[in-house]
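Subject: Structure for you to look through

Dear colleague,

Please read them with the model open beside you.

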Amino acid sequence: MKIKRRADSFFGLHFDFHARPRDNKKYIMGENLKAEDIRKICTEIKPDFIQIDCKGHPGYASYPSKLGNAMPDFALDTLALWRKVTAEEGVALYVHYSGVFDAKYLAEHPHEGVKKADGTYSDTDTSTFGNYCDDLLIPQFLEIASYGVDGAWVDGECWATKVDYCDKALQEFKEKTGVDLKDNPPYTKEHPYYNEYRDFCRDKYRWQLAKYINAVHERYPNFQFASNWAYSEQMPEAVTTSVDFLSGDYAPYDSLNSSEFSARIFASQDKPWDLMSWGFRQEWDEFSTHTNKTALQLMQEAAGVISLGGSYQTYVMQRRDTSPKMNCVLQLKPLSEFCRERESICKGIKSIPQTVLFNSTLDHYRASPYIFSNGDAYESIKGWSKLLCRAGHSFDIREEHNLFDRIDDFKMVIVPEAQTYFETETVEKLVSYAKNGGTLVVTGVKNSETFANYVDASLGETSTAINTNVSLDGDFWSAIQGGYRAVNGGKALAYASITEDVSENADTLMAEFPLGRGKMVIIGANIGEYYNKRRTVTSRKIAEKLLDMYTPVARVKNTRLIDINVARKQEKLYIHLVNTAGVHGDDKDGNFDEIPPLYNIEVKLNLETAPNKITLQPEGTALNYKKNGNSYTVTVPKLEIHSAIEIE
């Protein structure tokens, strides 16, 4: 039976449990692992692929590896049984393998850990300058590939990579740059080589990633790799290694909002990609409380991924003897059916350029406290992602490497609040886009100063107020935290004040300026950063005002509870609609089994030619439309979780 490659897959299951001896109990690997259970998963849930535990962060292999890191006791060869049954059922098999993060290896090789600024060695994060890649990664991946496994989802990689001050790293930096940092390592931001050294450590991770992938591909060219969160928001850059697909496991809490952001970054990378939602919520407290999500809950999370063209997988914990939790897995049949019903209208879609959020690689790397991973560096752009979703924008997220070669395709470019700075060349490219006829929106106190000189704008002093009162039209005000700068000289669009009686002392917060054949809009406050923490009507209305500045292909008219993605597949146009109602963003709700449906949703379509046929999919319901000039209005009678308006 033919097994799909990852690029052709759409729905999958992920299992892991990060094997390790614990709790003074003896776990025998495979003791309760049964072929009939694996087969039942394949035949009833029908995944394209399954990922299973192999070696997690503790560093113990849960199959009988010959490389010295296997768990102590085995009843059978667990990996061989999973491979045998999945192959018979035509289901791809991948392993969950922890790469950089390996506690067992470092317990045995303590000086192979990252050397920290205090002179101690990490007991969890291996050094990319050490021997770990040759000692274990390459040999173990070759051993796994010899089982006939289809690939590896490598965890604990970019996000576990740290700045390394070991002697070998400092020596390599000296050989590369001619700068000797041995007696003065760049521990703090004040050091003149702080950023350069961090970039050097990033390069070393890329080198190791390429090294083990290429070594395995040389022997097993069909073995497929993804490094968890590589080339994502945690590593926002061009794909420069031979990864076969991109993947990540988004936040177990507020998962739908998390997927809205992460999926758009992957979707712009021109590689096969998927995202994984945790099938449970977990409290990392003394009780480590586990609460399984319902299938309905996971459908909403899946919709945030597949509506943007990605594939989807969900994560179910394995038992500590490697056997799957069958009661948890089998409840996912409705989730599988939900995804399969939508595969033909989601798989392979490409978004049509409308709005794009600029996600600066340079700014992110300079702002993040880590080599990769986020910290608080993404507060502003995550807030803007949520703002645009609630305001009804169909939008992309792109970085320097995949925006500027196609920037003129977009009707609006939004530049969220800079955390550090933009290079002059970047600023000039953004300004040039507006001069050529585009609409450029720059937001935040720092951005206002950076871009004001390109238009006839004068800025007020930066307010030091803790709270700022904001209004779009003067009759309804919302508070945001932080100060602002008055933006004077253009067409006023929104207002701000630090006083309680805002009607008497209002400054222009948001103004529009002509620029060449296009225009620039300056917003003098960090509204994205605050919206990520607390959502307000006024901030959302500001984002809605931006949608008035161009003619979108589609716009939802009568609700703010729908995510929209305008996409094309072959000759058909699709308007994907995701119902975001419910309590998915409330961490007080461990799980839920009801999502309020939305009714009589009006969607305005701006099309160059009249449609021949409009159908709501996957329901197959024919939709009538009303014509008004060059626009057409259709009404979706009911939206449960996800549907798409298909236009021929």
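The notes below take up the cores, the salt bridges, the helix packing and a few backbone features.

This is a predicted model, in which local features need pLDDT of at least 70 and side-chain atom pairs count only at pLDDT 80 or more, while totals for chains, interfaces and linings use all residues. Residues are numbered from 1 along each chain as its sequence is written, and side-chain values use heavy atoms, with hydrogens and water left out.

Nonpolar cores

A nonpolar core here is a set of buried Ala, Val, Leu, Ile, Met, Phe, Trp, Tyr and Cys residues joined through side-chain atoms within 4.5 Å; buried means under 20% relative accessible area, exposed over 50%, and partly exposed in between, with a 1.4 Å probe and protein chains only. The largest such core has 95 residues, and those with the most contacts inside it are Ile50, Phe141, Ile144, Tyr197, Tyr212 and Tyr312. Its largest share, nine residues, comes from helix α4 (residues 132–145), where helices (H or I, at least four residues) and strands (E, at least two) are DSSP runs numbered from the N terminus. Leaving aside residues up to four places away in sequence, Ile144 touches Cys54, Tyr63, Leu79, Val95, Tyr97, Val149 and Phe223, a contact being heavy atoms within 4.5 Å. Apart from this core lies another, of 36 residues, which includes Leu357, Leu388, Ala494 and Tyr550.

Salt bridges

The structure holds 36 salt bridges, each defined as a side-chain nitrogen of Lys or Arg within 4 Å of a carboxyl oxygen of Asp or Glu. In one of them Asp48 pairs with Lys4, the closest N and O atoms being 3.1 Å apart. Because Asp48 lies in the loop between α1 (35–45) and β2 (49–55), and Lys4 in the segment before β1 (11–16), the pair ties together parts that are 44 residues apart in sequence. Asp48 counts as buried at 7% relative accessibility, whereas Lys4, at 33%, counts as partly exposed.

Glu108 and Lys104 also meet in a salt bridge, at 2.5 Å from N to O. These two are four residues apart in helix α3 (residues 103–108), and are therefore separated by about one helical turn. Glu108 is partly exposed at 46% relative accessibility, while Lys104 is buried at 13%.

The side chains of Glu237 and Arg206 form a salt bridge at 2.6 Å, N to O. Glu237 sits in the loop between β7 (224–227) and β8 (246–249) and Arg206 in helix α6 (residues 194–219), so this pair ties together parts that are 31 residues apart in sequence. Glu237 is buried, with a relative accessible area of 9%, and Arg206 is buried as well, with 16%. Elsewhere, salt bridges that share partners join Lys4, Asp48, Arg340 and Glu343 into one network.

Helix packing

For the helix pairs, axes are lines fitted to C-alpha atoms, over the stretch in contact, and angles run from 0 to 180 degrees between N-to-C directions. Angles under 35 degrees count as roughly parallel, over 145 as roughly antiparallel, 65 to 115 as roughly perpendicular and the rest as oblique.

Helix α8 (residues 295–306) and helix α10 (residues 333–346) pack at an angle of about 20°, with their axes 9 Å apart, and are therefore roughly parallel to each other. In this pair Ala295, Leu298, Met299, Ala302, Ala303 and Ile306 of α8 meet Pro334, Leu335, Phe338, Cys339, Arg342 and Cys346 of α10.

The axes of helix α7 (residues 255–267) and helix α12 (residues 379–391) come within 10 Å and cross at roughly 105°, so α7 and α12 are roughly perpendicular. Asn257, Glu260, Phe261 and Arg264 of α7 make this contact with Ile381, Lys382, Ser385, Lys386, Cys389 and Arg390 of α12.

Backbone features

The peptide bond from Gln617 to Pro618 is cis, with omega near 5°, and Pro618 is placed in the loop between β29 (614–617) and β30 (621–622). Thr322, a residue other than glycine, has a positive phi near 85°; Thr322 is found in the loop between β12 (311–317) and α9 (326–330) and counts as buried at 2% relative accessibility.

With best wishes
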